[in-house]
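Please open the model in your viewer and keep the selection panel at hand. The tour moves from one selection to the next and says what is to be found at each stop.

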Amino acid sequence: MTQTHLTAFLLQHKIGGVPAPAELISLIEEVAASCVTISGLVAGGALTGVLGSRGVENVQGEVQKELDVLSNDLLLKNLEGSPQLSAMASEEMEDIHPCKTQGPYLLLFDPLDGSSNIDINVSIGTIFSILKAPGGTPDISSFLQPGREQVAAGYTVYGPQTMLVLTLGAGVFGFTLNPADRTWVLTSENMQIPADTKEFAINMSNMRHWAPPVRAYIDDLLAGKDGPRRKDFNMRWVAAMVADVHRIMVRGGIFMYPWDKREPDKAGKLRLMYEANPMSFLVEQAGGKSIAGGAGRMLDVTPTGLHQRVPVILGSRNEVEVFEGYAES
Ligand code: F6P
Ligand code: MN
């Protein structure tokens, strides 16, 4: 069987009948190459000394794991000299990181998503988003573009297989890392999220903190066949957004990280620019739906800050719409 590698795929891929820009192809290849290196660090675990934590908090107030820092530094070092980039922003850094040239794009990333899974050998990943650089000297405002302006987004999952899932705005494509030669091979063409589902993902331990519409919706799912939904639902929670979203990409489901009253002034837990927007772009491109809680389409949210948080509800289109009925009532 002939295999299609990432570069060959990108060279023949058309967006609205037009080939992808050469600069965008190069940038995606550079990001994908860094993810191959990160996957090597992840796989080494204790043997490469990447487990454990630094004991310091990042800009998000979370304790940084060793692998969070290593992955962030690796992406910065590998990409700061890219002629395709003007600047980068990361979940792990307060400020933006200007690049050596003023290339046509901006890169945003969550270098290691789901870090609480690192030390227990459960799936984690890298999430990235690419925007056009508006030109001139980049600053924070250059990045504050709504998600619908993304020109590409993707994630890698470091799991039983290492996979890269990518969109350039013309469908979603999955690549598996061939461990023999460390190349990305196309293994899933035009990924589609089933419109209906019987599976949900939410951290149930927060139930007592949820707003009434979220509580009412989940109560009805839990009521199963005897409740108003007239079917039994299953639940999964990997606690790494990449892994939970990847499952939904493959077999459908609804993923929820709503606002809750633990920290009422925070709009949610997840980050708009590094997590919600790239995942929402992918989900929409795969036929799914993504909303910012009761505030409408995620990709239309106007960002007000680099590290802004949002409530996230995404996945199978019809199920997200059922939830919207609760949010509106
Ligand atoms: O990046 C934040 C994150 O780790 C997500 O990947 C994941 O979905 C979520 O937090 C897990 O949250 P909790 O700790 O509430 O399970
Ligand atoms: Mn994350």
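Asp110 is buried at a relative accessible area of 0%, and Asp113 is buried at 4%, where buried means under 20% relative accessible area (1.4 Å probe, protein chains only).

This is a predicted model, in which local features need pLDDT of at least 70 and side-chain atom pairs count only at pLDDT 80 or more, while totals for chains, interfaces and linings use all residues. Residues are numbered from 1 along each chain as its sequence is written, chains are lettered from A and ligands numbered from 1 in the order in which they are written, and side-chain values use heavy atoms, with hydrogens and water left out.

Next, select the open, mixed sheet of five strands, ordered 14-13-15-19-17; strands are DSSP runs (E, at least two residues), numbered from the N terminus, as are helices (H or I, at least four). Strand 14 (234-235) and strand 17 (289-291) are at the edges with a single partner strand each, so one side of each has no neighbour in the sheet.

Within the sheet, strand 15 (residues 254-257) and strand 19 (residues 312-315) pair in the antiparallel sense over four bridges, pairing requiring at least two DSSP bridges. Here Ile254 stands opposite Gly315.

Methods:
Buried means under 20% relative accessible area, exposed over 50%, partly exposed in between (1.4 Å probe, protein chains only).
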